[in-house]
Amino acid sequence: MRIIIVRHGDPDYEHDSLTERGKMEAALVAERISKLKVDYFYQSPLGRAQATAKYTLDKMGRTATTYDWLREFEGTSFRPDIGHETLGWDWLPQDWCIHEEFYDKNRWAEPEKMAMGTAKEKYDWVVGEFDKLVAKHGYVREGNYYRVVNPNMDTIVIFCHFGVECVMLSRILGVSPMTLWQGTIAAPTSVTTIVTEERREGIASLRVTAFGDTSHLYIQGVEPAFAGRFCECFTNFDERHD
């Protein structure tokens, strides 16, 4: 089985839609995905993800199943530098890197300010629903691997958001979601590909063959949008600092 995760295009967060640039990106990723034999499509309930998916779905004459858990990850924490509840994974490096727990897949939610929010509760919900989806397609989670109930070479495509993508990848890779939220970025319309490996009959793992690939943009001479990143240098005041 092959799982393809597509992040939405450059977002207009105020209207939960796409910018003009985002629409162009969505059209380009549609050209890429439409060349594949896709068996199932899934999407977030949020506008920017559905607007991105629509370009592919319309091009292929297909529909997608919408799952609420594929919305942008909404777990919260109390960010130390601002002193109130906010997006759970958006911490400054000087605040989160001092906690060794954040690097541990089993202890990342233990630091006091993280534990005060809903991040762990939301995380458990998402990974539980992700496991159900994978089981629906023939691979049942057992410990840290998957028991193969129905081996297949189906391709499923998921249109969603960076935060929830990291949650799914943390489950697949067995790592703390905090290290993925803080240490990676999947640019708008980037494509992440995961495949099953069944080296012994009946036992499979999920393996990432590509993360955040934007070759569909580069081949058209288009630079990936900046959304999701922060300033490369502090003096770059036209780039996001907060």
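Okay, let's start with the largest pocket: 16 residues line it, and the ones nearest its centre are Trp91, Pro93, Trp181, Gln182 and Phe230. Before I go on, please keep in mind that this is a predicted model.

So how much space lies in that largest pocket? About 310 Å³. Two elements each give two or more residues to its lining, namely helix H3, residues 93–96, and helix H7, residues 177–183. H7 gives the most, with three residues. And what are the lining residues like by class? In this pocket we have eight nonpolar, five polar and three charged.

Next up, the cavities. There's one cavity of 30 Å³ or more, and the largest cavity comes in at a volume of about 50 Å³. If you want to find it on the structure, look for its lining: Trp69, Arg71, Glu72, Phe73, Glu74, Lys122, Trp125, Val126 and Val164. Which helix gives the largest share of that lining? That would be H5, residues 119–136, with three residues. By class, the lining of this cavity splits into five nonpolar and four charged residues, with no polar ones.

H5 packs with helix H6, residues 162–173, at an angle of about 65°, and their axes are 10 Å apart. Why do we call H5 roughly perpendicular to H6? Because angles of 65 to 115 degrees count as roughly perpendicular, and this pair sits at about 65°. As for handedness, the crossing of H5 and H6 is right-handed.

Who touches whom here? From H5 we've got Tyr123, Val126, Val127, Phe130 and Asp131, and they meet Val164, Val167, Met168, Ser170, Arg171 and Ile172 of H6. Sort that contact by class and you get eight nonpolar residues, one polar and two charged.

Helix H1, residues 20–33, packs with helix H2, residues 47–60, at an angle of about 40°, with 8 Å between their axes. That angle makes H1 oblique to H2. Is this crossing left-handed or right-handed? H1 and H2 cross in a right-handed way.

On the H1 side, the contact is made by Lys23, Ala26, Ala27, Val29, Ala30, Glu31 and Ile33. On the H2 side, look for Thr52, Tyr55, Thr56, Lys59 and Met60. By class, this contact has seven nonpolar, two polar and three charged residues.

To wrap up: the largest pocket has about 310 Å³ of space, the largest cavity has about 50 Å³, H5 is roughly perpendicular to H6, and H1 is oblique to H2. Thanks, everyone!

Conventions: Residues numbered from 1 in each chain as written. Predicted model: local features only at pLDDT ≥ 70, side-chain atom pairs only at ≥ 80, totals over all residues. Heavy atoms only, no water. Axes fitted to C-alpha atoms, helices over the stretch in contact; angles between N-to-C directions. Helix = DSSP H or I, 4+ residues; strand = E, 2+ residues; numbered from the N terminus. Parallel < 35°, antiparallel > 145°, perpendicular 65-115°, else oblique. Left-handed = near helix turned anticlockwise from the far one by under 90°. Contact = heavy atoms within 4.5 Å. Nonpolar A, V, L, I, M, F, W, Y, C, P; charged D, E, K, R; others polar. 1 Å grid on protein atoms, 1.4 Å probe; cavity = no way out; pocket = protein on both sides within 12 Å on 5 of 7 lines; lining within 4 Å. Points joined across faces, edges and corners; volume = space filled by probe spheres on them.
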